[in-house]
Amino acid sequence: MKKIVIASIATLALATAASAAVNAKACSSCHGAHFEKHALGKSKVVKDLTHAEIAHALKGYKAGTYGGPMKGLMKGQVAKYSDADLEAFAHTIGK
């Protein structure tokens with residue numbers, strides 16, 4: 001019984017970690033498959049930004065301290081992610 005409980009906890013932890021990664025497909029619908037677009041004609045082109053700039057923007061959207069006209073939309077997109085998830089994602093898409 002003890003082994004089943006430990007295995008269940010480990011499985012839950014792995015599933016949670018796997019689901020925490022940022023969903024880039026959701027981003028690409030507005031920013032383009034390679035982050036080459038001005039989202040809805042209003043944003044900066046993400047592929048031209050550094051890792052630090054992207055991380056700052058994403059964490060700022062989450063906190064509600066960053067952004068212009070699309071601030072509310074972006075807050076909803078990033079609110080479910082941890083700052084560590086957003087930082088890691090920024091490193092995968094930035095310069």
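## Overall fold

Helices here are DSSP runs of H or I with at least four residues, and strands are E runs of at least two. On that basis, the chain in this predicted model has five helices and zero strands. Follow the sequence along and you get the pattern α-α-α-α-α.

## Surface and contacts

The chain has 95 residues, and 26% of them count as buried.

Now for the contacts. Take those in the chain with a separation of 6 or more: 48% of them come from residues 24 or more positions apart.

## One side of helix 5

Helix 5 covers residues 83–93, and its buried residues include Asp85, Leu86, Phe89, Ala90 and Ile93. These residues sit on the same side of helix 5, because the arc they cover around the axis is only 135°.

## A look at His31

His31 belongs to helix 2, which runs over residues 24–31. Is His31 buried or exposed? The cut-off for buried is under 20% relative accessible area, and His31 comes in at 11% relative accessibility, so His31 counts as buried.

And which residues is His31 in contact with, once its neighbours within four places in sequence are left aside? The list is Glu36, Lys37, Ala39, Ser43, Val46 and Met74.

Technical notes: Residues are numbered from 1 along each chain as its sequence is written. This is a predicted model: local features need pLDDT of at least 70, side-chain atom pairs count only at pLDDT 80 or more; totals for chains, interfaces and linings use all residues. Side-chain values use heavy atoms; hydrogens and water are left out. Buried means under 20% relative accessible area, exposed over 50%, partly exposed in between (1.4 Å probe, protein chains only). The arc is that of the directions from the helix axis to the C-beta atoms. Contact means heavy atoms within 4.5 Å.
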